[in-house]
Every structure is written in structure tokens, then in C-alpha cells.
Amino acid sequence: MLLTLASAQFLMTLDTSVMNVSIATVAKDIGTTVTGVQTALTMYALVMASLMITGGKVGRILGRKRAFAIGCVIYGCGSFTTSLAPNLQVLILGWSFLEGLGAALIMPAVVALVASNFGRPERPRAYGLVAAAGAIAVAAGPLIGGLFTTYASWRWVFAGEVLVVAAILVSARRMADTPYEHDGELDLAGTLLSAVGLGLIVYGVLRSGTWGFVIAKPGAPRWLGLSPAIWLIFMGCGVLAGFLAWERRRRDRGRAVLIDPAILRHRYLRGGLTSFFFQYLLQAGLFFSVPLFLSVALGLSAIETGLRLLPLSVTLLLGAVGVPKFFPNASPRRVVRLGFLSLSLGILMLVAALDLGVGPEVVTWPMLLAGLGVGGLASQLGSVTVSAVPDAQAPEVGGLQNTVTNLGASIGTALAGTVLVAALTTSFITGIQDNPAIPRELSSKAAVELTSGVPFIPDSDLRRALGAAGVPGPTADAIVDENTEARLVGLRAALAVLALIALAATFVYRGIPTHQPGTHAEGADP
């Protein structure tokens with residue numbers, strides 16, 4: 001039963017990490033550009049994040065088990081369509097829409113099904129394993145994607161998902177369900193408001209790397225003098241405020257609601273959701289930055305990059321399973337704080353280790369520490385959020401939890417990318433202007449043309465471009481050296497920001513209980 005739910009969580013997370021290392025190959029196979037495949041990536045994130053709250057409500061109306069099964073069927077159809085996609089339009093239909101819709105039904109149902117199949121004392125271990133499966137998929141995705149893309153085809157990953165979905169459907173029949181709302185009503189206006197609000201926020205965050213977060217980048221569109229990204233986020237927040245007001249109005253009139261806004265008054269639920277947000281922000285930022293260092297700065301292949309990330313998966317699984325097994329009565333608050341501290345120390349260790357001439361082995365110990373931190377968080381947070389409310393509201397919590405984690409992951413990737421490019425650009429432009437081996441007119445021209453951001457590219461690509469532009473050998477060598485140094489400066493800056501956020505998250509602890517859910521002391525927190 002637990003393997004079934006963990007497998008579903010693994011699949012939901014695997015696609016994006018596989019696609020990230022296969023973008024160029026996928027674009028070539030279906031006759032589109034890298035931008036086209038990235039559009040499909042963005043739309044997948046939008047569909048999934050926008051419909052999570054609605055997916056939780058559908059689980060209450062149809063039953064968690066039925067919603068899970070329907071979601072698996074839709075997801076399997078999407079995977080099959082994607083595996084055969086001849087062009088970008090079919091890829092978007094299969095992957096972005098069908099798989100995104102299936103995930104929006106599956107992921108809230110997974111949270112609720114754990115609650116209905118495991119007692120409160122068993123939930124930390126169960127949620128830890130399910131969350132660990134998702135995080136391991138992020139780490140293993142580059143390895144799986146690299147293997148299939150190099151030795152077979154990326155299409156076999158999606159074809160294989162169809163078989164896994166079939167196995168999940170067969171084994172899911174044994175799972176226990178909870179009573180569903182026979183007369184439940186789906187709030188269509190609330191569905192529209194929540195989808196639009198969340199979609200605007202996620203889209204604004206995803207586009208902030210291209211447009212700029214607040215100040216528009218050169219060449220980017222401007223709305224009232226600012227980047228459209230910040231306006232989209234403000235608009236999304238406004239629509240979500242309207243959504244909550246609409247839900248309160250329906251609740252007060254005795255009508256069915258997508259979520260009861262009163263659920264957000266639970267301190268432990270708010271604390272768990274906040275910690276989930278920070279966990280996924282840090283996790284996404286780390287998995288954005290470290291593969292860039294390994295694949296671009298060091299030139300490792302996708303397979304080698306995936307292997308270097310596996311230590312994180314090992315300690316993550318050990319933390320997620322080991323904490324509930326060997327410390328069943330550990331304080332969730334203490335475990336969460338230690339988890340964020342371990343994440344912070346691991347990232348800081350990597351910041352200190354990054355230097356010219358280092359090899360890929362420098363990521364091993366930081367990945368072990370970071371994985372242990374994520375595993376500790378995974379072992380507690382799912383149980384904390386669901387146990388904060390009656391079991392009947394588990395699907396609502398599942399929708400909220402997955403909405404928050406998707407938002408955190410989007411912001412983590414965007415934040416790490418923005419900081420990295422900004423620091424890289426500043427360091428590179430300053431370096432070439434101060435380097436006597438680079439002519440003043442060339443450095444001045446580069447400073448003007450690269451104000452929108454210096455691309456994070458391998459030295460070989462830069463050297464080839466400089467040669468095509470007719471830059472003399474000694475000057476090209478000096479520029480490449482400055483780019484090498486600037487890349488490390490950008491990576492250090494992005495990782496340092498993530499480390500500070502992880503350290504700050506250790507102080508956001510008041511909403512986490514000091515006793516395990518289901519114990520006699522539960523609820524005794526000050």
C-alpha cells in the first residue's frame with residue numbers, strides 16, 4: 001500500500017527532472033525549439049499548481065480512492081500521448097494538460113489516502129516515505145533522463161510510466177477509503193477564481209527570470225514602468241483574496257466550498273504549510289544550482305551529474321525512514337529545526353568548497369548533509385499538516401499542501417536563477433573591464449550588450465563563439481578565464497542566498513508541535 005502511494009508520488013515528480021536534461025533532444029525530435037519545450041514545462045507547472053485545490057475537493061466528492069484512480073488513468077493517457085508526440089502541440093496536450101490534470105487529482109488524494117490507511121502514530125513514517133519518493137525522483141531524474149536519452153530515447157521514460165501507472169491501479173484496489181460526499185457540489189466559481197489566482201502567481205514567478213522580478217530587464221516588456229512578473233503576482237494575490245472572500249460567503253450561506261477558509265486558522269496547519277514552502281523552495285533552488293555546476297562548469301554528462309546527486313537520495317531516504325523508526329517520539333519541532341539547519345550547513349559547505357580547479361567530489365558531503373535535512377523534514381511535515389485537522393478534511397489539506405509546495409518550488413528555481421545570473425553578470429563585466437589583456441573597446445561593447453544577463457554557458461561554447469566573432473586567441477583566453485571565475489561567483493551567490501533562507505527557516509518554528517500527532521501530549525504546546 002505504501003509502495004503504491006510512494007510510486008505515484010515518484011511519478012508525479014519524475015517528469016520535470018527528466019525533461020530538464022532532455023530538452024535539446026526532445027526539441028529536435030518533435031521539430032521545435034528549446035523555447036517550445038520550455039513552454040510545455042511552464043504549462044505543466046501551471047496546470048498542476050492551478051488545479052490542486054480543486055483536485056482536493058473532487059476527492060471529497062468522488063472519494064479519495066476513486067479520484068486517485070481517475071487521476072492515474074488521465075495521467076497514464078497523458079504519458080502514452082507524450083511518448084508518441086510527433087510535434088509540440090501533441091506534447092503539450094499529453095504532458096502539459098493531461099499529465100498536469102492527472103497530477104492535480106492524484107497528489108491531494110495521496111495525502112488523504114495516507115491519512116485513511118494509517119493511524120496517527122504511523123503517519124510520520126508513511127508521509128516520510130511518500131515525500132522521500134518525490135524528492136528522490138528529483139535527484140534520480142537527471143540520471144534516468146540521461147541514461148534513456150543517451151542510450152535509447154526519452155520517449156521510453158513516458159512509455160514506462162504507462163506500465164507503472166497500470167501497476168499502481170491494480171495495487172490501489174486494496175487501499176481503504178473514507179466516506180465521500182454523496183451530495184457534494186463543486187464550486188465552479190471558486191474553481192475558476194483559485195485556478196486564475198494561482199496560475200497568475202506561478203506564471204509571474206516562472207517568467208521573472210526572463211522579464212525581471214520587479215525591474216524589467218532590457219528588451220523585456222514593461223507594465224507601468226515595471227516588469228510584468230510583479231504585476232502578475234500582485235494580480236494573482238488579489239484574485240486569491242477574492243477567492244477566500246467568495247468561499248467565506250458560500251460557507252456562511254451553507255453552500256459547498258472548495259476549502260473552508262477557517263481551516264487556515266489552525267496554527268499547526270499554517271506552520272506545516274510554511275515549512276513545506278521553505279523546504280521545496282530550498283530543494284528546488286539546490287537542484288537548480290548544483291546540476292549547473294556539475295554539467296556546465298565541470299562539463300559532466302547527464303549520467304555523471306545524476307550519479308553525483310545520488311548521495312542526497314541515500315541520506316534523504318535514511319532520514320525519512322530512520323527518524324520515525326528510531327525516534328518515534330521525537331519532537332516534530334526539533335526535527336524540523338534540525339532539518340533546516342542540516343540543509344543550511346550542507347549548502348554553506350558547498351559555498352565554501354566551490355573554487356577554481358575543484359572536481360565533482362566537492363558536492364558529496366554537502367549533498368549528504370542536505371539530503372539528511374530534507375529527509376528529516378519529510379518525516380514530519382506531512383503528518384503535522386494532516387493531523388492538524390479532522391481526517392475528513394485531509395483532501396483539502398492535500399490540495400493546500402501541494403499548492404504550497406509547487407509555489408515554493410517555482411520560487412526556489414526562479415530565485416536561484418535570478419541571483420545566479422545577476423551575480424554572474426556583475427562579476428563578468430567587472431572582470432573584463434579590469435583585465436588589461438582585454439581591449440577597452442571590447443569590454444565596453446560587451447558591458448552594453450550583456451546588461452540583460454550573461455548566459456551560463458560552458459567554456460567550450462564561449463570559446464567557439466569568440467572564435468566565430470574573430471576575437472584574437474590571447475584576448476579570448478582572458479575572456480574565458482573571466483567567465484570561469486564569474487560562473488563560480490554566480491553559483492556561490494545563489495547558494496549563499498539559499499543557505500541564509502534555510503537558516504532563517506530554523507526560526508519559523510512556532511507553528512510546529514512539540515509532540516508527535518496521536519500522543520497523549522498532542523495539543524499541549526504553548
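Two rings of Phe, Tyr or Trp count as an aromatic pair if their centres lie within 6.5 Å, with the six-membered ring used for Trp. By that rule, this predicted model holds six aromatic pairs.

**Stop 1: two of the aromatic pairs**

Select Trp 154 and Phe 158. Their rings are arranged edge-to-face, with 6.0 Å from centre to centre and 85° between the planes. Both Trp 154 and Phe 158 are buried.

**Stop 2: helices α12 and α14**

Show residues 302–326 for helix α12 and residues 364–387 for helix α14. The two helices pack with their axes 6 Å apart, at an angle of about 35°. Their crossing is right-handed.

Now display the side chains where the two helices meet. On the α12 side, pick out residues including Leu 309, Leu 312, Leu 316, Gly 319 and Val 323. On the α14 side, the residues in contact include Met 367, Leu 368, Gly 371, Gly 375 and Ala 378. Taken over the whole contact, the residues divide into 13 nonpolar, eight polar and one charged. Arg 308, in α12, is among the contact residues.

**Stop 3: Lys 325 and Phe 326**

Move on to Lys 325. Its charged end sits over the ring of Phe 326, at 6.0 Å from the ring centre.

**Stop 4: Thr 405**

Go to helix α15, residues 394–434, and select Thr 405 within that helix. Is Thr 405 buried or exposed? Thr 405 counts as buried because its relative accessible area is 6%, and the cut-off for buried is under 20%.

What does Thr 405 contact, apart from neighbours within four places in sequence? The contacts are with Phe 276 and Tyr 280.

**Stop 5: Leu 224**

Finish in the loop between α9 (188–211) and α10 (228–252), where Leu 224 is found. Check the backbone here: phi of Leu 224 is near 55°, a positive value in a residue other than glycine. Most residues other than glycine have a negative phi. Leu 224 counts as exposed because its relative accessibility is 77%, and exposed means over 50%.

How values were computed. Residues are numbered from 1 along each chain as its sequence is written. This is a predicted model: local features need pLDDT of at least 70, side-chain atom pairs count only at pLDDT 80 or more; totals for chains, interfaces and linings use all residues. Side-chain values use heavy atoms; hydrogens and water are left out. Axes are lines fitted to C-alpha atoms, for helices over the stretch in contact, and angles run from 0 to 180 degrees between N-to-C directions. Helices (H or I, at least four residues) and strands (E, at least two) are DSSP runs, numbered from the N terminus. A crossing is left-handed if the near helix is turned anticlockwise from the far one by less than a right angle, and right-handed if clockwise. Contact means heavy atoms within 4.5 Å. Ala, Val, Leu, Ile, Met, Phe, Trp, Tyr, Cys and Pro count as nonpolar, Asp, Glu, Lys and Arg as charged, and the others, Gly among them, as polar. Rings of Phe, Tyr and Trp (its six-membered ring) pair if their centres lie within 6.5 Å; planes under 30 degrees apart count as stacked, over 60 as edge-to-face and the rest as tilted. Buried means under 20% relative accessible area, exposed over 50%, partly exposed in between (1.4 Å probe, protein chains only). A charge sits over a ring if NZ of Lys or CZ of Arg is within 6 Å of the ring centre and within 35 degrees of the ring normal.
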